[in-house]
Amino acid sequence: MDYILLITDEYAFDKVYQTLSYVGLPILGRHELLRQFCSLMFISCFGAYAIYMIFSTLSFYLLFDKRQMNHPRFLKNQIQLEIKMATDSIPTMALLTVPFFIFEVRGYSLLYEDVEEYGWAYLIFSIFLFLFLTDFGIYWIHRALHHKSVYATIHKPHHKWIVPTPFASIAFHPIDGWAQSLPYHICVFLFPMHKFLYLVLFMLVQIWSVLIHDGEYFTHDPLINSAAHHTIHHLYFNYNYGQYLTLWDRIGGSYRKPNEEIYNIELRGTKKVYSKQAEEVDTMVTALDNKSKSC
């Protein structure tokens, strides 16, 4: 994040803070905590809005199968509702995330600049380590969010989208979205990562979150937690919690293979797809609500 902060300081924030000093506000240097916090808050919000709107829109118009909008579980004005939930949540998620960025730019993380410091072999290895550990962390955090003690308050809003679109990718309660992002931020304090590589991976995982909500099933690979697997999660709630792979779902006993009906393109246009699942969803939602009320 210090790369982005350096660039924005050079071409934007230096002038902004200088201008603010003309109206009586104190002049804040680049390394002052208050300035870094304000700058990183702006960068986080702007970046989140940009990635979300650009890639969700591209995915919706280029990949998303519009026939799914005919599904009886697709809500009236759902896209507008998904966008509103996401855009309302982003500032709070950014506020909770900025402290991690503060620690990064102040040198408390294990991020490094020179590839030769650890070598190219480690650089490649760190990609797999990042994906492995973040997938592990997100699986257990996501599964914990389905516990009856927190589900109704924090995670249920995301499951409002039984037939999600790409705009549902971060349509979360802000605590939910922040909690599931924690592994991305914590990993750079656990093992060394190249700064530029981390930025690239951090952006790519945001795009992946969009893609697993796009309803376009490009792969039947049972090891990849594809959009088909995540569709099962939205339909059945208690399966396929993983982010990239189905590994932890298989180990944790929460894996459910997408059936052939999910992959049948023709059924999407007839409203018959998910008909059996819809009845099960009603039963499960009622059961979850009853459990939540009893707590």
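A charge is taken to sit over a ring if NZ of Lys or CZ of Arg is within 6 Å of the ring centre and within 35 degrees of the ring normal. In this predicted model, arginine 250 lies over the face of tyrosine 255, at 4.0 Å from the ring centre. Lysine 66 is placed over the face of phenylalanine 60, with 4.8 Å to the ring centre. Because the model is predicted, local features need pLDDT of at least 70 and side-chain atom pairs count only at pLDDT 80 or more, whereas totals for chains, interfaces and linings use all residues. Residues are numbered from 1 along each chain as its sequence is written, and side-chain values use heavy atoms, with hydrogens and water left out.

Rings of Phe, Tyr and Trp (its six-membered ring) were paired if their centres lie within 6.5 Å, with planes under 30 degrees apart counted as stacked, over 60 as edge-to-face and the rest as tilted. The count by this rule is 18 aromatic pairs. Phenylalanine 136 and tryptophan 248 form an edge-to-face pair, since their ring centres are 4.8 Å apart and their planes are at 70°. Phenylalanine 136 belongs to helix α4 and tryptophan 248 to helix α9, so this pair ties together parts 112 residues apart in sequence. Helices are DSSP runs (H or I, at least four residues), numbered from the N terminus. With buried meaning under 20% relative accessible area, exposed over 50% and partly exposed in between (1.4 Å probe, protein chains only), tryptophan 248 is buried at 12% and phenylalanine 136 is partly exposed at 37%.

Tyrosine 198 and phenylalanine 202 form a tilted pair, 6.0 Å centre to centre and with 40° between the planes. These two residues are four apart in helix α7 (residues 195–211), and about one helical turn therefore separates them. Tyrosine 198 is buried, at 2% relative accessibility. Ring pairs also link Tyr52, Phe60, Tyr61, Phe64 and Phe167 into a cluster.

UniProt, in an unreviewed entry, places the feature "transmembrane region" at residues 40–64, 85–108, 120–141 and 196–213; such annotations may be inferred rather than shown by experiment. The span 40–64 is 92% helix and 0% strand, and its end C-alpha atoms lie 33 Å apart. For residues 120–141 the span is 100% helix and 0% strand, with 32 Å between the end C-alpha atoms.

Isoleucine 251 is found in helix α9 and is exposed, with a relative accessible area of 57%.
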